[in-house]
Amino acid sequence: MNTVSTVELPAESDALELGRSLGARLRAGDLVLLTGPLGAGKTVLAKGIAAGMGVTGQVTSPTFVIARVHHPAAGSGPALVHVDAYRLGGLADIDDLDLDTDLTEAAVVVEWGEGLAERLADEYLLVRLDRREDDVREATLEPHGQRWRDCGGEPGKP
């Protein structure tokens, strides 16, 4: 059974650390969807994921370029494909990006991906980010599939 868990992220460093922990587990074929309102911390979490994967290049929101590829620094491990689906019009735009092909050699992280990118893989991790009135972020990890079944266990320990 897949267990949903919620983690409080009082500071940006907490979101980066959660991302590092997730990134350290990622391998080629993994799909992570980040969802939440503007300012919830999706790109900050993606920066942490990139750090945990040890990939190169500055991680910024790919809103205007749609997708960026970050290669492993040491030449080993998967690449990270960081996608921003905010400006995409629908499923046809996702298909045009050939992300299912990228999943054979990379881990794919899609901001604003809920409702669009789930069909790219049978198993994926959905991370819902929210910003409370007290400015504390919360991340709810929703594992989908056997690959992610342990991800929703102890909060803060993906």
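**Exercise 1. Leucine 80 and its surroundings**

At 1% relative accessibility, does leucine 80 count as buried or exposed? Then place the residue in its strand and list what leucine 80 touches.

*Solution.* 
- Step 1: The model here is a predicted one, and its relative accessibility for leucine 80 is 1%. Buried means under 20%, so leucine 80 counts as buried.
- Step 2: Look up the element: leucine 80 belongs to strand 4.
- Step 3: Leave out residues up to four places away in sequence, and the contacts of leucine 80 are Ala50, Met53, Val55, Arg68, Val69, His70, Ala107 and Val109.

**Exercise 2. Leucine 9, treated the same way**

Now try leucine 9: in which strand is it found, and which residues does it touch?

*Solution.* 
- Step 1: Leucine 9 is part of strand 1.
- Step 2: With a relative accessibility of 4%, leucine 9 counts as buried, because the cut-off for buried is under 20%.
- Step 3: Beyond four places in sequence, leucine 9 touches Asp14, Ala15, Leu18, Leu129, Val136, Arg137 and Ala139.
- Step 4: Arginine 131 is 122 residues from leucine 9 in sequence, yet their C-alpha atoms are 9.3 Å apart.

**Exercise 3. From elements to a sheet**

How many helices and strands does the chain have, and in what order do the strands form the sheet?

*Solution.* 
- Step 1: Count the elements: there are 4 helices and 7 strands.
- Step 2: Read them from the N terminus, which gives β-α-β-α-β-β-α-α-β-β-β.
- Step 3: The 7 strands make an open sheet ordered 1-7-6-2-5-4-3, with mixed pairing.
- Step 4: Find the edges: strand 1 (5–9) and strand 3 (67–70) each pair on one side only.
- Step 5: Check one pair in detail. Strand 4 (residues 79–84) and strand 5 (residues 106–111) are parallel and share 6 bridges, with alanine 79 bridging to alanine 106.

**Exercise 4. Strand 2 from both sides**

Which strands pair with strand 2, and how many of its residues are buried?

*Solution.* 
- Step 1: Take strand 5 to begin with: its pairing with strand 2 is parallel, over 4 bridges. Here valine 32 stands opposite valine 109.
- Step 2: Turn to strand 6, which runs parallel to strand 2 and is joined to it by 4 bridges. In this pair leucine 33 faces leucine 126.
- Step 3: Recall that side chains in a regular strand alternate between the two faces of the sheet.
- Step 4: Apply that here. Leu31, Leu33 and Thr35 lie on one side, Val32 and Leu34 on the other, and all are buried.
- Step 5: The tally is therefore 5 buried residues out of 5 in strand 2, under the 20% cut-off.

**Exercise 5. Helices and cores**

Which strands do helix 1 and helix 2 lie across, and which residues touch the most other members of the largest nonpolar core?

*Solution.* 
- Step 1: Helix 1 (residues 12–25) lies across strand 1, strand 6 (124–131) and strand 7 (137–144), at about 135 degrees to strand 1.
- Step 2: Helix 2 (residues 42–53) lies across strand 2 (31–35), strand 4, strand 5 and strand 6, at about 170 degrees to strand 5.
- Step 3: Move to the largest nonpolar core, which has 27 residues; Val32 and Val127 touch the most other members.
- Step 4: Strand 1, helix 1, strand 2, helix 2, strand 5, strand 6 and strand 7 each give two or more residues to this core. Helix 2 supplies the largest share, 6 residues.
- Step 5: A second, separate core has 14 residues, among them Ala79, Val81, Ala85 and Tyr124.

**Exercise 6. A charge and a ring**

Which residue lies over the face of tryptophan 148?

*Solution.* 
- Step 1: Arginine 147 does, at 4.8 Å from the ring centre.
- Step 2: For the chain overall, 47% of the 158 residues are buried.
- Step 3: Among contacts with a separation of 6 or more, 64% join residues 24 or more positions apart.

Note on methods:
Residues are numbered from 1 along each chain as its sequence is written. This is a predicted model: local features need pLDDT of at least 70, side-chain atom pairs count only at pLDDT 80 or more; totals for chains, interfaces and linings use all residues. Side-chain values use heavy atoms; hydrogens and water are left out. Two strands pair if DSSP finds at least two bridges between them. Contact means heavy atoms within 4.5 Å. Axes are lines fitted to C-alpha atoms, for helices over the stretch in contact, and angles run from 0 to 180 degrees between N-to-C directions. A nonpolar core is a set of buried Ala, Val, Leu, Ile, Met, Phe, Trp, Tyr and Cys residues joined through side-chain atoms within 4.5 Å. Buried means under 20% relative accessible area, exposed over 50%, partly exposed in between (1.4 Å probe, protein chains only). A charge sits over a ring if NZ of Lys or CZ of Arg is within 6 Å of the ring centre and within 35 degrees of the ring normal.
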